[in-house]
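Biologist: I am new to this structure and would be grateful for a close look at one part of it. Could you describe that part in detail and also place it within the chain as a whole?

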Amino acid sequence: MKKADGRDGDANSRLLAFPAERTIRVFSDRLFNAPRRMRPHPTRPGGRGVMCPWLLLCFPTVVHCFIMPSSLAATTIARMKRSTEVKAVRQVRIDGDIMIGGLFPIHEANSVVWQNQSTPSKCGKIKADQGVQRLQAMLYAVQRINSDPSILNGLKLGVHILDTCSQDTYALEQTLEFIKAAISTNSADQYECEDGSSPLYQSKKPIAAVLGAASSQVSVMVASMLTLFKIPQVSYSSSSSELSEKPRFEYFSRVVAPDNFQAKAMVDLVQRLNWTYVHAIAVTGSYGEGGIDSFRKSASERGICFDGDVYKIARNWGDADFQRMIKRMRASNKARGVVMFVDEDIVPKILKNLEHLINQGHDELKNWFWWIASDSWGQKRAPVARHGHLASGAITIAPGVRVLDEFDEHFASLSMAEGSRDRNTWLAEYWESLKCDQLVRTERQTFGDCFAASGTKFVQEAYVPFVFDAVTVVAHALNAYVKVVCKDIAFDSCNVSRHGVNGQHLQQFYRNVSYIPGQRPIIDAIGDGVGWYNIFQYNSSLRDYKLMGEWSGGALTLDVEQVRAGLMTENSTDEVPLSVCSTDCPRGKYRAYQDQQCCWTCIPCDTTVSIVPDLTSCIECEHGFLPNVHLNACLPMIPETIEWSSSWALAPAAFSTFGVICTGVVIYVFWRYNKTPIVMASGRELCYFMIAGILCCYVMTFVLVNPPSVVSCAIVRVGLGLFMSAIYAAILTKTSRLARVFSDDIKSAQRPRFITPKAQVGICAGIVSVQLTGSVVWLILDPPQTSIYFPTRTQSVLSCKATATHLLMSLGFNMFLIVLCTVYAFKTRKIPENFNETKYIGFTMYATCIIWLAFVPIYFATQNHFRASERRATSLFICRLSRCSRLVCLTVDYRSLMCSNGSCQVFHDDAPISADEGDAQPMLSVPRWGAKAPESGQIARIYVTPYDTLAVFLSHSILVEVSLQRSIRVCQIGAVAAAIALGGRVAAIHHQAGEILQEGACIYADLPHGTRIRCTQHTVNVVPATINEGHMWTIADGTTRQIDVREYDLAARFSLRRDIDATVAVFLNEPQPNVVFFPPKRDRCILLARQARIFPERVKTEQLCLLVHGVKIRQDLKTGDVRVYSGRSFVALRVNSNAATVHSPWVDLNADRWAQLRIRRGEQAVETTSSQLNITNGADRASFDIWGNLICFGSDAVAGAQADEIDC
């Protein structure tokens, strides 16, 4: 095609046939490469400006590369270079006098590369609510406007709607369709073809304004392009604060409020719940990052902090990334609230991976997180469609929601009858996705019929009213614009119809303008919507959102108690739901802030000596002062004394009273039998002297427990040592007399000196006078008085002024007497029997030495660590114990305290069974209770368990359990277990390779990776570890197919029971006690245990052969391997390899050392390897990976099967 001067003509006529990517590439080549085949006509006007459209089209592409991230720009350019073929653009176009564009996320984003495709698909599944409903809302709004004669004066509003596929790069490519119309202003007569003929040229009406897009990230890209061509853009849901930067996005407006308003509403909500520490999740891009930045700014001003960094989710994240994020969030174990600024497509992925982790055994994740989500979640049902139970209690924010009247009826009346589907390709696709052709048989085929047939409830999407508002605002603005610009000129003759709309001028007619009297403008002066949000809480049991409050103009109205009740109800707790880093410090602790103002450590303040005047300080009181009960002031300490109402006084007083009574009884006995030979021979005078000392010591208790005074201190100082010296002086005098009388050194028959009673009393008095003299001198040199001392920082004790040295000096003489008495008692231990009183004296002195050896170091070493009452009680206890030993041992016959010539016997209930009757070595013992492994020299022990079964403990930690019905199980403690019951009809294995249970005609197997196998007589079912869309595999009758797990009973599972010595046993689901164990028959079990037989000849060959209740047990004593036979069934277990085998008439089970399972029953076989699961069901063979995903299938029964299928 050439112009009149022979140069190449304009290629704008071919622009519509090229896809956007190839158009830019071709235009770039033609702009910079020569020669050109089509040139402008030299004699026609406009020839010099022909290249402007090419430059204008290439310039946005260059700008796009600069405004996009480098990786995103590189991806876009790479995609442009790959596109070489011509593709038709899917669109909805309705021609009109004035055209407006629309961008909607009709489909989800899809970056999956399929094996049979050379390029990845850009669009995923159709989005019914966010895509189709919003699209139809725009068409509905245009229909309403075109039917209203008061708007546009009869002019028709046309639409050009494109799909963004929820991707910014793809949306940018689609936007080029709007740009083509904007730059196609040259007429065809400016060009000529090579043969001289005029080219065919079809011009399009320029786009007056574009409605969209939905996502903020998409709107940022699109707005950057449209701003270059001065095309106004009005979004119905993009709320990123970045779009409020008017120097960058001058032509962008929206009917929703920016995220900074939403962020303020969410901060008010978090603060109202008394949360100060939350997690933050944001999707990468302007919406997520801008929203969370606004939230962070407002939250920091309110004292709200983030737990760690913001978790930024990239759009190419996989399941592993989400699971890693969830684990990191839970690891902090502090924040439970999660603030989310993510797209609606991200929410199901988070909930799906959360459920996956819980199913893997992370029970700590159950009911842990409380979600607070932005308007991308709002009231939408798609985010909670599959995992709503994990989102129960979630609090969501949505712009002020209203329902668009008559839209539900309009949508239900849409007909998909033959011939009407070409007008809206995406509506037809939505019809097919619902399978409405199979459900609706009426002639009109409306969506209302389809919804009724499928039982689907139509719920209006939250942003449908906003789409309607955006169209209405633009339509009224165009109406005002046409009136101002065209005035009385016909529209066809007006510049608007020929040159399009001036975008900058058009914005003045919908910014800060209200078209409904009495209502505030929908768009403010800078192009943002007015902030008004509703607050909802999701209830999983009702599967619906409940309105909890609203935020408008900076004021929050919220039913806090209802919100908390929703969180507590859904999470089964009675505590107030709080998400904080640190709770308020309890009484007696103060705060030590960490790196954030929300986190602190509660440092204990020693409230016994310190006060806490505020939250962050701890001040110690002066010496002698203690804090008051409120810990805000210091008060003087009150000295401690022993009160008579205290147990420290009552107990010693009661004991001393009992001692006085006993001493009085002894005195009465001595007085009653004063003239008897026994009393006279025992040294009657010295006995009275000693008993008087004991009585005075008991009386001293009442002086010691009295509050200290000068008089009581003097009495204690003198009397404590004096009365004790009287006792030991009498004992010393008596023992020394006996020692001198029976001394071997005395050769003459002369009577020893000073052995008369008077001499003995004089000696005793002389010894006591030494103690009395020392005490009197001490009183003169150091007069008694009271003093207050502080044994600890928190105690003040009123006591007698005496140091430990003084007490040691007072008791030192008594210690010397005790040593002498002990020496003489030892020397006189072998005197004749008639004088064996020395034996009792010796016992008394030995006991006294032990008591004093314990008392002295304890008293003096802990004198600064006990309160006064405790110290005095210790002193009194030692004194009383010493006095009691003397009183009892010296006045009561020692033989009355001793047992007769017998000893207590320990009953041993073991009944040994030997291999040889003449062999004394115990080989097998049968205790009735208790549980322990065989002792040295034993090869087995039999027990009767609490479940009335016989448990045989063998070597190598092997346990064999036999029931009365000969059901058996063999366990290697803590490792492998196998069981057979009911004659082989029930068999089970517990192994690290998996768990197997055969119950009659059914086999159940669970593999470690989560894959489950369920077999009947003719069918094998495989349930994958991750059930995709709720389906499992069924192998039967030469086919393999997927069925819904809801139609199949998966309830039959194992149950593990730990009983004897923590041994793992495998049994059926509880409660089923009649399967293995039966009602109590303990006596029969004990009899059977005693009737167990061991074959001696086997023991000598290192083989144990044991017969218990008809069950034969064989064990290799060297390796520990064991085989157990019961009827036609047996169980084998290898110790070193942890392998187990179960054989019964019904089934063969095996778990080997390589963690592989084998199950065989008739023509059915299940085998596992390290990477595969192989199943044979008659003629059918199938292979799965370890997660239960089908790899291949083959069957000999299928006619005409391919070779590769049979080989599989």
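Modeller: A word on the record comes first: UniProt positions are given here in the numbering used for this chain, and its annotations may be inferred rather than shown by experiment. Under "transmembrane region", an unreviewed UniProt entry lists residues 648–674, 686–703, 709–731, 761–781, 807–826 and 838–860. The model itself is predicted. In this model, residues 686–703 are 100% helix and 0% strand, with 26 Å between the end C-alpha atoms. Residues 761–781 are likewise 100% helix and 0% strand, and their end C-alpha atoms lie 30 Å apart.

As for the chain as a whole, the protein chain has 1208 residues, of which 50% are buried. Its secondary structure comprises 29 helices and 52 strands. Of the contacts between residues at least 6 apart in sequence, 60% join residues at least 24 apart.

Leu211 belongs to strand 6. Leu211 has 0% relative accessibility and therefore counts as buried. Leaving aside residues up to four places away in sequence, Leu211 touches Ile100, Gly101, Gly102, Leu103, Met138, Val234, Tyr236, Val467, Ala470, Val471 and Val474. Between Leu211 and Phe252 there is a C-alpha to C-alpha distance of 10.0 Å, at a separation of 41 residues in sequence.

The axes of helix 9 (residues 319–331) and helix 10 (residues 346–359) approach within 9 Å and cross at roughly 70 degrees. Helix 9 is therefore roughly perpendicular to helix 10. Helix 9 contributes Asp319, Phe322, Gln323, Met325, Ile326 and Lys327 to the contact, while helix 10 contributes Ile346, Lys349, Ile350, Lys352, Asn353, Leu354, His356 and Leu357. Seven of the residues in this contact are nonpolar, three are polar and four are charged.

Further along, strand 31 (residues 976–981) has six of its six residues buried, so this strand is largely enclosed by the rest of the structure. In a regular strand, side chains alternate between the two faces of the sheet. In strand 31 both faces are covered, with Val976, Ala978 and Ile980 buried on one side and Ala977, Ala979 and Ala981 buried on the other.

Strand 31 is paired with strand 30 (residues 968–972) in the antiparallel sense over five bridges, and Cys971 stands opposite Ala977. These two strands form a hairpin with three residues between them, and Gly974 in the turn has a positive phi of about 80 degrees. Strand 31 also runs antiparallel to strand 32 (residues 986–991), to which five bridges join it; here Ala981 has Val986 as its bridge partner. Four residues separate the strands in the hairpin of strand 31 and strand 32, where Leu982 takes a positive phi near 55 degrees.

Another open sheet contains 12 strands with antiparallel pairing, in the order 41-42-43-44-45-46-47-48-49-50-51-52. Strand 41 (1093–1094) and strand 52 (1190–1195) stand at its edges with a single partner strand each, so one side of each has no neighbour in the sheet. Within this sheet, strand 46 (residues 1139–1143) pairs with strand 47 (residues 1148–1151) in the antiparallel sense over four bridges, and Thr1141 has Asn1150 of strand 47 as its bridge partner.

Terms used. Residues are numbered from 1 along each chain as its sequence is written. Side-chain values use heavy atoms; hydrogens and water are left out. Axes are lines fitted to C-alpha atoms, for helices over the stretch in contact, and angles run from 0 to 180 degrees between N-to-C directions. Angles under 35 degrees count as roughly parallel, over 145 as roughly antiparallel, 65 to 115 as roughly perpendicular and the rest as oblique. Contact means heavy atoms within 4.5 Å. Ala, Val, Leu, Ile, Met, Phe, Trp, Tyr, Cys and Pro count as nonpolar, Asp, Glu, Lys and Arg as charged, and the others, Gly among them, as polar. Buried means under 20% relative accessible area, exposed over 50%, partly exposed in between (1.4 Å probe, protein chains only). Two strands pair if DSSP finds at least two bridges between them.
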